[in-house]
Amino acid sequence: MDLEGIRRYCLSLPDATEGIQWQNDLLFRINGKIFAAASLETTPARITFKCTPEEFAELIERKGIVPAPYVARNHWVQLEHLEAVSRTELKRLIRDSYNMVAAKLPKKIKLKLGLA
């Protein structure tokens, strides 16, 4: 999967938005909360997302996956290259990140977005 494929997938999730921040990062959000980020400046492309504590421990043992700078304490990982996981697994990981972030939204917002 390339960066454009990741972008299309992230934006296909309900109420997902995108925006550039910090001059070179493409951020994907739900209700203003980030669920994935892609670096536009690095080659190969890198993507960062949230995962469960258990999956965090498993993923960082793999080649090409590292604790995400600044947010690893919150169980975010960074793929150093997009081939570090399969296309199917990457979609699942992004969807899981989206779901974890959406689950923490206030109930009123979840109802408004149709996520409750």
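Modeller: Buried here means under 20% relative accessible area, exposed over 50% and partly exposed in between, with a 1.4 Å probe and protein chains only. The model is predicted, so to speak: local features need pLDDT of at least 70 and side-chain atom pairs 80 or more, while totals for chains, interfaces and linings use all residues. Residues are numbered from 1 along each chain as its sequence is written, and side-chain values use heavy atoms, with hydrogens and water left out.

Let's zoom in on strand 4, residues 46-50 (strands are DSSP E runs of at least two residues, helices H or I runs of at least four, numbered from the N terminus). Of its 5 residues, 4 are buried, so strand 4 is largely enclosed by the rest of the structure.

What encloses it? Start with the sheet: it is open, has 6 strands in the order 1-2-3-4-6-5, and pairs antiparallel (a pair needs at least two DSSP bridges). Strand 1 (16-21) and strand 5 (65-67) are the edges, each pairing on one side only. On average, neighbouring strands are turned by 25° against each other, direction ignored (axes are lines fitted to C-alpha atoms, for helices over the stretch in contact; angles run from 0 to 180 degrees between N-to-C directions).

On one side, strand 4 runs antiparallel to strand 3, with 4 bridges between them; one of the pairs is Ser39 with Arg46. A hairpin of 6 residues links strand 3 to strand 4. Strand 4 also has 4 bridges to strand 6, again antiparallel, and here Ile47 partners Leu79.

Thr48 is among the lining residues closest to the pocket centre, along with Trp22, Ala37, Pro69 and Val71. (A pocket is an open set of 1 Å grid points over the protein atoms alone where a 1.4 Å probe fits, with protein on both sides within 12 Å along at least five of seven lines; lining residues have an atom within 4 Å of a point.)
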